[in-house]
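Subject: Structure handover

Hello,

Here is the structure for your records.

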Amino acid sequence: MRTETDSLGERQIPDEAYWGIHTARAVDNFPISKRPISVYPELVVALASVKQAAARANLELGVLSPDKAALIDAACAEVIGGRLHEQFVVGVIQGGAGTSTNMNANEVIANRALELGGHEKGEYGFLSPLDDVNRSQSTNDVYPTAIKIAMMYSLSSMLGEMRMLRDAFAAKATEFAHILKIGRTQLQDAVPLTLGQEFHGWATTMSEDIDRITDTLPLLSEINLGATAIGTGINADPRYAAAVRQHLSEITGLDLVTASDLIEATSDTGVFMTFSSALKRAAVKLSKICNDLRLLSSGPQAGLGEISLPPKQAGSSIMPGKVNPVIPEAVNQVAFSVAGADVTVTMAVEAGQLQLNAFEPVIAHSLLQSITWMRQAFLTLRVNCVEGITANEQRLAAMVGSSVSVVTALTPFIGYQASAALAKTALLTGRSIADLVVEAGLMTPEQVELELSPERLSGAPGE
């Protein structure tokens, strides 16, 4: 054990720990989520990137010695590369506006830098977590900047999965382009369309949501690094904000912009609410698609049974042979969680007071969890469901052949009243609309065949 000291007293810290006294107190104080911040590796990498950029800026401005800057830089590079993530142990839910997370990062980086310099962990007289690693910084500009970077990192992989799911729906649209089916409004029979058109609509829905989420990236790229405590830049060189932003952009590969009003940017967390809303929109609309998939595959005998989802596991411990739509159901539940997280983010944004919002930890956790879960939901829905969907063509053809809804296509020729009367007769007698129209002398067989062709009924161009 080693002894570390802060303003509250002394604590014994395990020798092998790279974290220190501030982290130890936070672990004791916040045993809430049972989830350390390391569950979000993008956040750990983002924190190390901010610290590395700060060290480089401080070196450039002459406020940090070359030796210390080099050690901090090297330690940050290791964390960015994936080392020591298990040392980021504070819980994702914490008081203090993220101070515990910032302290955890400062201590891990400082102790690894000390090791690299040939010193023992905890020998802060040579290199300090606060005076050196945290130089020119405050939690209040480090933490929100790191959150935004972590979200942009996470978004990259999430949007990649989202695009692949969109493409899977589009591929099925092509595969099913020739299959006519009956559309439904309010769960009642409507006019025909092709199964391909239905899948293409889902692909378009996803494209629109990809665009809406992508629209938020410029908002996330605006950072308040250099604001320090409340936006005035106290304890930082006036040139620091510009310098650290440039270094951070180079380290992350992101096009970052320093906010024009650092006081506003430090207190206003509205960007997270905007981003959360875009995530919720995408999740809710995908949930609707999953509802459609479950409904269209219902049965297989007593339901709609228009499509078959790939069977993935036994569906019942009591009913042999039952197979449930477990993949869409799981995605539905992700959507419910994302919608709930949006409420949490909204409440946290509203609860900010004066120059700082103390509730950024729950904002970060809510959004990073939503991104993570949505990424995995897109993946499993594509791989374990959409790519294996098959059309039950015989059943679809039978439903189209017996449907009275096709009479809608004939109303321009025979009128609404005649069409309604024929539809009623068809339902009562079970006879086809085509036969009844010809029998009544309202249209010739050739005219009926043309107007009730798949191309005319669906509006899709023929081959």
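In this predicted model, the crossing of H12 and H13 is left-handed. On the H12 side, the contact involves Ile327, Pro328, Val331, Val334, Ser337, Val338, Ala341, Thr344, Val345, Ala348 and Val349. H13 contributes Val362, Ile363, Ser366, Leu367, Gln369, Ser370, Trp373, Met374, Ala377, Thr380, Leu381 and Asn384. Sorted by class, the contact of H12 with H13 has 16 nonpolar and seven polar residues, and no charged ones.

As for the geometry, H12 spans residues 326-350 and H13 residues 360-384; their axes come within 9 Å and cross at roughly 165 degrees. Angles over 145 degrees count as roughly antiparallel, so H12 is roughly antiparallel to H13.

Next, the two side chains.

Asn58 is part of helix H2 (residues 41-60). Its relative accessibility is 0%, so Asn58 counts as buried. The Asn58 side chain makes a polar contact with the side chain of Ser136, at 2.7 Å. Leaving aside residues up to four places away in sequence, Asn58 touches Val63, Leu64, Arg135, Ser136 and Tyr240.

Thr139 lies in helix H6 (residues 139-175) and is buried, with a relative accessible area of 9%. Its side chain makes a polar contact with that of Asn102, at 3.0 Å. With residues up to four places away in sequence again left out, Thr139 touches Ala97, Gly98, Thr99, Asn102 and Pro144. Ser100 is 39 residues from Thr139 along the chain, and the C-alpha atoms of the two are separated by 8.7 Å.

Regards

Definitions and conventions
Residues are numbered from 1 along each chain as its sequence is written. This is a predicted model: local features need pLDDT of at least 70, side-chain atom pairs count only at pLDDT 80 or more; totals for chains, interfaces and linings use all residues. Side-chain values use heavy atoms; hydrogens and water are left out. Axes are lines fitted to C-alpha atoms, for helices over the stretch in contact, and angles run from 0 to 180 degrees between N-to-C directions. Helices (H or I, at least four residues) and strands (E, at least two) are DSSP runs, numbered from the N terminus. Angles under 35 degrees count as roughly parallel, over 145 as roughly antiparallel, 65 to 115 as roughly perpendicular and the rest as oblique. A crossing is left-handed if the near helix is turned anticlockwise from the far one by less than a right angle, and right-handed if clockwise. Contact means heavy atoms within 4.5 Å. Ala, Val, Leu, Ile, Met, Phe, Trp, Tyr, Cys and Pro count as nonpolar, Asp, Glu, Lys and Arg as charged, and the others, Gly among them, as polar. Buried means under 20% relative accessible area, exposed over 50%, partly exposed in between (1.4 Å probe, protein chains only). A polar contact is a pair of N or O atoms within 3.5 Å; within protein, one must be able to donate a hydrogen and the other to accept it, and residues adjacent in sequence count only if both atoms are side-chain atoms.
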